[in-house]
Each structure stands twice: as C-alpha cells, then as structure tokens.
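Biologist: Before we discuss particulars, may I see the sequence and the structure together?

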Amino acid sequence: MVEELALADDAVAACLDAPAWALSEHELIAALDAAHRLEQRLAAVKLTLVRELDGRGTPRAQGASSTAVWLRERLRLTIPAARRLIDLATALDTGNPGIRQALADGHISVDQARVITDTATTVNTSTDAETADKAVGVLVGWASQFDATHLRKLGTRILDHVAPDIADAAAQAALDAEARRAARDRHLTLSEQTDGRLRLTGTLDAETAGLFRATIDPLTAPSGPDDTRSPGQRRHDALADVCRLALRSGELPDSGGDPAQIVVTTTYDALTRQLGAGALDIGLQLTPDTVRRLACDATILPTVLGGTGQVLDVGRQRRLITGPLRRALVLRDRGCAFPGCDRPPRWCHAHHIHHWADGGTTNLDNAVLLCGHHHRHLHHSDWIIQLGHDGHPEFVPPAWLDSEQLPRRNHYHRRT
C-alpha cells in the first residue's frame, strides 16, 4: 500500500504543475469532478489506516494518552476533528459495508458518510438491520442530489420511505440520537494568538447553551445611551464579569493544590522601579495599564525573574509550602511537558525527575509537570527525562521507538 500511495502522490504532484488555464471549460469541470472523487477515495483509505492503528493500540504504545491526541500531533488536527475521524473510521468498519464502498467509489463525501452512518445507527436501534440497510441504500442514492446538511434533515424522516408503519416512534428515537450526538460533540477550544489575545471556539450542548445564555444575557445590555460597544464587545465584557464573579466566590476547585488565582510575572528591575509590563502564568502578555488594573481588583501573586529569565522568587502564601515551587513549574512548563500533550497545569502532577525515594531533591531542576496519564506512563516505561541547556524538560524515547533516541520536547504550550 505504501508504494501505491507514493505513486498516487507523484501523480497528484504532476497535476499541481499542469497549467489549468490550458483546459477547456468542459475539461476543467471534468478535472474538478475527478479531483473530488479522488479526495473521497483517499479519505476511505485514510479511515482504514486510522481504524487499524487505533485497533492495534499504536498511539498509546508510543506514549499518547489517546488516539485522538496522537492524530493531532501526527497530522496537526484539532482534537474534535481527530475524534470525528476515529468515530467515522469505527462506524465504517463495523457498520453497513455499502457506506464505505460508496465512499471508496467516490459517490459520497466524508460528511455525507458521517450523516448516513449516524442515520443507519439510529434506524437500526429503532427497527432492525434489514431496515437500516434499506435506509442506507436510499440515503446513498439521495447523496448525489443533496449535501450533508440537507441529507441529515431528510434522514430524520427516512422511515417514512422504508418503514412507514413505525416512522412516528422512530422519529422520537432520532431526536434522542441527535441529543446524544450533541453531547458527544460538545467542546470548547482556547487558541492563543501571537498578540496575546485568546480565541474561543466551540459548540455547546442545549443545556449548557441555556446556562450560558441565562448567565451572560443580563450582563450584555447596553449600560446607557453613551454605550458605544458592539453586541460582540458587550458579550466579551459580560464573560469577563462572569469570570470575575466566579473568582471572587471562593468556590472554585483548587488548581494543582493552589486556590484559583492570577499569577503575574515581571522582571526584578521593573519591580524595583514601579509596577510595569508583565505576563500571566499561561504565557499571555500584559500591558502596564492591565497589570495595574488587575492589582486593584484581583489577587496577584508576583513572580520575580532575573535578567536571564530564571525564577528568583515566587509570591508565597501562608500554609502552602509547596505553592511557590508549583507556580514556578507552571511558569516554566505551562502544562504537561510530555511531547504532544495539551493538558493544562491544573490537570498536572509535579513529578520528580530523579525520584525522591532514590535521593532526588525537591527543587525546580528536579521537577516536571505531567498529566495523570503521562505520569503513570513515565513510571512504567523506558522514557528518560532530562533538562536541556535552557533548563526546559526534554524526553528521550526508548530505543524501540526511536533508534537514534533523539530528545523530544512539547511545543504545544509554546507555539506562539
């Protein structure tokens, strides 16, 4: 298969260099149809490979916490996209073979295949496999006329065509299945931008959407006739108000042993002169005005850095002896340090590189942040942790995974 894919890759590369302007209109349309069909057929191959890798457990054997995380690191996918890929690969492998064949033949798209598998699962739950097979045949035929969105709408009443005697009862089952899909697909993604801002994207299920709107809507009304903020800006400011209220409530869970709090980093020179520019412990930069404003209305733990960026001192709170060291770890690692892991600091354990029971010391040079999965994995594998020349953790893979044993780092938390 690898050789065949390499030949296909060469053929596609040749098409990239071919002058599209030289084609007639008829040839352009034919080429577009052929490219689209090839895209779907390659998707069928890709899904087969994903299913096989997932079934073998290769991602976990290589240290990933899940196949989705491994795919994100390997193919640069988002986690939701990786999960959808795995779900569809599983559905095509275990479901009606006609769906996979239609995709392999280029007759349906990946999005249409996902709709058809979801609908077939719902029909099979409500009736039987034979009726589900009939539904698949009808939907595959409709796919030549309707896109995935329209196909999903038609699928909610597919039993009107293949089993009208039980259509009403099955319609309720379809609604229930849609609710389960909404719960499965719920997610919120936080993406750091190069200018220090944070981009929020995601999908809320119906219940969470109701909670969110009930909380934020009262805070989004214009403050008066002179309020020139746009609706989007008012929603942004309302979300900030909700976060402030939550922090002041004192009822948030601990974050790695510390209360929920804001940590602002500044340099020693700036601290001795006046409160200047700083940065949050999650890496976002702050202007001097923002730092001064936070100092007025939030609990700030100052972290003092030397000229080379090393941690000299960390704000200390009473009773939490390990608090300063953990905050220094968060500032350095920003999350689980294992290559490819995106777990945030609050989900991480502080791990001794040289085990404390074997004489290891409890300090920053002998500590690393690891999520629960990778903490357990490191204790039962041949990975080696070391600090690089710049003081950041590196992970040397076992020889069976990389014969050259080149050190690897987690670049996820520092992509900006």
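Biologist: How many helices and strands does the protein chain have?
Modeller: The model is a predicted one. Counted along the protein chain, its secondary structure comes to 17 helices and 11 strands.

Biologist: What share of the residues of the protein chain counts as buried?
Modeller: A residue counts as buried when its relative accessible area is under 20%. The protein chain has 416 residues, and the share that counts as buried is 34%.

Biologist: What part of the accessible surface belongs to carbon and sulfur atoms?
Modeller: The protein chain has an accessible surface of about 25400 Å². The part of that surface belonging to carbon and sulfur atoms is 55%.

Biologist: How are the axes of helix 2 and helix 6 oriented, parallel, perpendicular or oblique?
Modeller: The axes of helix 2 (residues 25-56) and helix 6 (residues 97-104) come within 7 Å and cross at roughly 130°. An angle over 145 degrees would count as roughly antiparallel, and 65 to 115 as roughly perpendicular. The crossing of roughly 130° therefore makes helix 2, relative to helix 6, oblique.

Biologist: Which residues of helix 6 make the contact with helix 2, and what is the class make-up of that contact?
Modeller: Helix 2 contributes Gln40, Arg41, Ala44, Leu47 and Thr48, while helix 6 contributes Arg100, Leu103 and Ala104. By class, the contact of helix 2 with helix 6 comprises four nonpolar, two polar and two charged residues.

Biologist: Which residues form the aromatic cluster?
Modeller: The structure holds two aromatic pairs. Phenylalanine 338 and tryptophan 383 pair edge-to-face, at 4.8 Å centre to centre with 65° between the planes. Phenylalanine 338 and phenylalanine 395 also form an edge-to-face pair, at 5.3 Å centre to centre with 65° between the planes. Phenylalanine 338 takes part in both pairs, and the one cluster consists of Phe338, Trp383 and Phe395.

Biologist: How many residues apart are phenylalanine 338 and phenylalanine 395?
Modeller: Phenylalanine 338 is in the loop between helix 16 and strand 8, and phenylalanine 395 is in strand 11 (residues 393-396). Their pair links distant parts of the chain, with a separation of 57 residues.

Biologist: Is phenylalanine 395 buried or exposed?
Modeller: The cut-off for buried is under 20% relative accessible area. Phenylalanine 338 has 3% and tryptophan 383 has 7%, so both count as buried. Phenylalanine 395 has a relative accessible area of 0%, and is therefore buried.

Biologist: Is arginine 234 buried or exposed?
Modeller: Arginine 234 lies in helix 13 (residues 231-249). Leaving aside residues up to four places away in sequence, arginine 234 touches Leu219, Thr220, Ala221, Pro222, Asp227 and Arg229. Its relative accessible area is 16%, so arginine 234 is buried.

Biologist: Why is helix 17 described as largely enclosed, and what does its cover include?
Modeller: Six of the eight residues of helix 17 are buried, so the helix is largely enclosed by the rest of the structure. The buried residues are Gly372, His373, His374, His375, His377 and Leu378. What covers them includes helix 3 (58-61), strand 8, strand 9 (367-371) and strand 10.

How values were computed. Residues are numbered from 1 along each chain as its sequence is written. This is a predicted model: local features need pLDDT of at least 70, side-chain atom pairs count only at pLDDT 80 or more; totals for chains, interfaces and linings use all residues. Side-chain values use heavy atoms; hydrogens and water are left out. Helices (H or I, at least four residues) and strands (E, at least two) are DSSP runs, numbered from the N terminus. Buried means under 20% relative accessible area, exposed over 50%, partly exposed in between (1.4 Å probe, protein chains only). Accessible areas come from the Shrake-Rupley method with a 1.4 Å probe; for residues, only the protein chains shown count as cover. Axes are lines fitted to C-alpha atoms, for helices over the stretch in contact, and angles run from 0 to 180 degrees between N-to-C directions. Angles under 35 degrees count as roughly parallel, over 145 as roughly antiparallel, 65 to 115 as roughly perpendicular and the rest as oblique. Contact means heavy atoms within 4.5 Å. Ala, Val, Leu, Ile, Met, Phe, Trp, Tyr, Cys and Pro count as nonpolar, Asp, Glu, Lys and Arg as charged, and the others, Gly among them, as polar. Rings of Phe, Tyr and Trp (its six-membered ring) pair if their centres lie within 6.5 Å; planes under 30 degrees apart count as stacked, over 60 as edge-to-face and the rest as tilted.
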